[in-house]
Amino acid sequence: MRGIGRLAVITIVTLVAGTATAALAQTPEPDTREAAVEQAQTEKAKSLHPYVASRAERLITEVENALVNQTTRWHPYFENAYSGGGFALGAGYLQHVSPYNVVDLRGSYSASQYKLAEAEFSAPRLFHRRGELSLIGGWRDVTGVGFYGFGSQTSLSNRANFAFEQPYGGGRLTFWPTRRLFMMRGGMDIARWSLTEPTGRAPSVQTVYTPATLPGLGAVTTYRHTEATVGFDSRVSPAYARRGGFYGVTGHDYTDHDSRFGFRQVDYEAIQHIPILRESWVISLRGIASTTWHKDGQVVPLFALPSLGGGSNLRGFSSWRFRDQHSLLLQAEWRIMVNRFFDTALFYDAGKVAARREDLDFNGLRNDYGFGARFHTPFATVFRFDVARSREGTRYVFATSPVF
Amino acid sequence: MKAMHTTRFTLSLVVATILMIASGAVSTVSPHFYRDDPIAREPESQNASSAAPSDIGQMYEMVYNLLVRPGYKPSDLRAQNVNTVDEVPDSSWFTNRVGARRLTIDEVVRGPVAGAPPDPSRWVIFREKTSGVHPGVTARDAKGDTWFLEFDPVFYPEAATGAVLMATRFFWALGYNQVESFLTTFDPKRVEFDPKATLRRPSGKRTPFTHDDLNAILEKVARRPDGTYRVVAGRLLPGKVLGNFRYEGTRPDDPNDVVPHERRRELRALRVFGAWLNLTDLKSANTLDTLVEENGRSYVKHWLQDVGSTFGMCNDLYEWDLSWEHFYQTGTSMKRLASFGFALSPWQTVNYVERPSIGKFEGERFDPRAWRPQTPTTAYMELRDDDGFWAAQRVAAFSDEMIRAIIHTGEFTDAQAEKELGDIVIQRRDKIRRTYLPAVNPIVAPRLDAGGRLTFENAAVDADVARSPRTYRASWFEFDNATGSTRALSTTTSATTTMNAPAGLPGTAGGFVAVDISTEDSEYQPWRKPVRAYFRRDPNEWKLVGFERIPDIR
């Protein structure tokens, strides 16, 4: 059998060679250059075929179609149910319900067993492209959020954990009267906070504190939260910018259904990107202050207090490391363009929380510094990795959004 | 059983050998030069009507060109579509114009324009613009002709449209197939929507094109004080659209496309022409193949469809690195990474004088060899110095007057800007000449008269970018056209570009001589490497039939 096979191969090779040579021999030898070229074209005409893309070309084109033309509705989803949950992995399914409006069903599960399931309806082109509407509803299960006590001088060893489950739903409308620069945003949502038994090595807050020493402990609180923002935004995109800035004020009203934990909060935020050497360097600055006012006879519960610590503010500290009635955060980054898709950054963060508004000064700031790497498109940060060092150690941040 | 196998194997070998010997016995050897050499036109003998549309994924092309292509080792092979005198014959890709014949100012100003301009008294929009980075629409004018309209971005209110008008004329004069383009007016009050006009939405569906869609485009573009818009209108190309051409390989469905594109000199030369005019967006998506019919036969015509990314025009006002770096370069990235950005690149400090009609375009620090398009192509990487020389001769053939006349077609309102733009183009032209003309032995146009006097020209010296050598040397050979063998005759020298041939040249018609011409004492090392000219004795004259500047194998 092997012998017959070998014979067949040799015969085929011989015939092909012979046929080709015979064909050339039968073709009259061209006597002009033009005839020689035409002969080559005649030969090619015998074996025409459509273009066949390589496997790599087919694969990348499919990715392009999925991303640009949205031919694939499934997408990966890396957002955590709540800050501090560690690496999260999930998936989403996008469905357009009109030419621009889309519904996204998504969920994720994190290294700390945080769970998220939510649906969002987005209408990005309202009022002749002046408005964007987002309606969102979902549920999350957060298994271990740290609480270290009030103020900026708490110790890591004082960590206690709380956990909660939360159904939520609401809507947010952003309006750009002139389609750029000046923006207004309003929103309302309802969320129920049900504290549960936490997991993790740290003790439960319920074993360390009492409802008297830690407001909100053991409570089930249903908030109606309304908010309003006015701002001036000259950035190309909030998700990635090398110039421009954002200056805004947001007012919040948290109304407790049981009138125990109602409060108001105002956030002041300023971001400015200062390009140097044609944007190859950018000094990016951010300041944000949050202050709260409790309503008559009511208090701000532990889970709603302004806080610092985590991958988007004080990066050298663990998430929710500092909590109190008011907070101040100052951040500076020296961003260095490596190429069109990749930046590095040296950064410094400082901040504090305080029980009294007048204590929001530059004394006693907790700080960190570090180095970051970011992959990005012209308008969005695809992946961010920061290494931050503080007196409480070194922390690593992995994110799919900019720090600011 | 084993013996039987051996017998069959031996028998097969014998049969194969006999067939090979038999076929070899009837083969003949082609002559070195055919009687019609050098050809002036590349034949397209076959009907290409079976060619079908196929496109290139832009993401694939970018990834491939940025991440795979930089590792490509250029073949250093001579361009394959040149004729025997080292020139590019006319073809469906290229038509010899500037440098090959005398172009009048009227001709270069007219450029590719063959028909009447659009009638802008009414525009009927029926589709979005399908190519190019600047905003636009596809519309029919009052006469019913189809046009691709492109607006100026707000930040360059005349420059993008001006770039298209100028670049189509430059590239037409350089020899490429170009879109007919006109500067015209778009008045939103005179716009209608075709009932079938649609726009592709994020959902993937096409839905009716609305006034709001048009407004979304117009909000991003430069508007005149009277409420109208300056637009450039590109005429719909003739023929069936087959998609973009690639800068490597051949179209497998086009029988006439037998030269790999990376070995086409006119595609390699885009590295030089692109550097001159700053054509940064060299990707395949800016090219187009169309199937056209002529004399009852179909062939594929190849177009540089979009040359608007020229003269410093870019996608965004803040793209400073265009023309200085590819979108991604590993070495540059590593340097910036290691130095925290202190290893500066030229684009970070180069001085641009930006005006509404001039983008990021300058001539002071322009270095033709350091120029970079957004992404490299295989043809770009295959450019050899003889290709660069060929291209530089064409660039050098543009006189100051021709350049300024083409710049004037941009119809800029700022006369000073127009002058500065012309100055920059002239400055870059001169740098191209200085870079590429002396880089090889620049002997051109050799002639051998019936009396045996050899004359030639030195393109670098004539362009005033190099000093004349003290001595030219010519080595003469008798050449056998059938076998390609040579027999040395003699060597002559001269201090000028004229010298007498030695005695003993073939005197009968059909005889061939080869002459190697070099310089003996030039400061330019490449000039010592000879060019070779071949002459055939015709009844009354010597005819130049071959010329090799840098042959593949000598």
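Start by selecting Gly388(B), Phe389(B), Ala391(B), Ala392(B), Val395(B) and Ala396(B) in helix H10(B), which meet Arg429(B), Ile432(B), Arg433(B) and Tyr436(B) in helix H12(B). Two residues are in contact here if their C-beta atoms, placed from the backbone, lie within 7 Å. Helices (H or I, at least four residues) and strands (E, at least two) are DSSP runs, numbered from the N terminus. By class, the residues of this contact are seven nonpolar, one polar and two charged. Ala, Val, Leu, Ile, Met, Phe, Trp, Tyr, Cys and Pro count as nonpolar, Asp, Glu, Lys and Arg as charged, and the others, Gly among them, as polar.

This is a predicted model, in which local features need pLDDT of at least 70, side-chain atom pairs count only at pLDDT 80 or more, and totals for chains, interfaces and linings use all residues. Residues are numbered from 1 along each chain as its sequence is written, and chains are lettered from A and ligands numbered from 1 in the order in which they are written.

Now show the whole of both helices. Two packed helices are described by the angle between their axes and the distance between the axes. H10 (residues 385-396) of chain B and H12 (residues 415-436) of chain B pack at about 145 degrees, and their axes are 9 Å apart. Axes are lines fitted to C-alpha atoms, for helices over the stretch in contact, and angles run from 0 to 180 degrees between N-to-C directions. The crossing of H10(B) with H12(B) is left-handed. A crossing is left-handed if the near helix is turned anticlockwise from the far one by less than a right angle, and right-handed if clockwise.

H11(B) passes H12(B) in a right-handed crossing. To see the contact, select Asp400(B), Ile403(B), Arg404(B), Ile407(B) and His408(B) of H11(B), then Glu418(B), Leu421(B), Gly422(B), Val425(B), Ile426(B) and Arg429(B) of H12(B). These residues divide into five nonpolar, two polar and four charged.

Next, colour chain B by domain: domain 1 (58-89 + 244-301 + 308-436), domain 2 (107-242) and domain 3 (443-548). The bounds come from an automatic or database domain assignment. How far apart are the C-alpha centres of domain 1 and domain 2 of chain B? They lie 24 Å apart. Each of these two domains gives 31 residues to the contact. On the side of domain 1 that touches domain 2, the elements giving two or more residues are helix H7 (270-277), strand E10 (287-294), strand E11 (297-304) and helix H11 (400-408) of chain B. E10(B) supplies the largest share, five residues. That side has 17 nonpolar, nine polar and five charged residues.

Inside chain B, select the open sheet of six strands in the order E4-E8-E3-E2-E1-E5, where the pairing is mixed. Two strands pair if DSSP finds at least two bridges between them. The twist averages 40 degrees from one strand to the next. Strand E1 (residues 123-128) of chain B pairs with E5(B) in the parallel sense over three bridges, and Trp123(B) stands opposite Val191(B).

A second open sheet in chain B has three strands in the order E12-E13-E16, with antiparallel pairing. Its twist averages 20 degrees from one strand to the next. Leu448(B) stands opposite Leu454(B) in E13(B).

For a backbone detail, go to the peptide bond from Asp37(B) to Pro38(B), which is cis with omega near -5 degrees. Pro38(B) is in the loop between helix H1 (2-26) and helix H2 (58-68) of chain B.

Finish in chain A. Strands E14 (residues 326-339) and E15 (residues 342-354) of chain A pair in the antiparallel sense over 13 bridges, forming a hairpin with two residues between them. Trp334(A) stands opposite Leu346(A) in E15(A).
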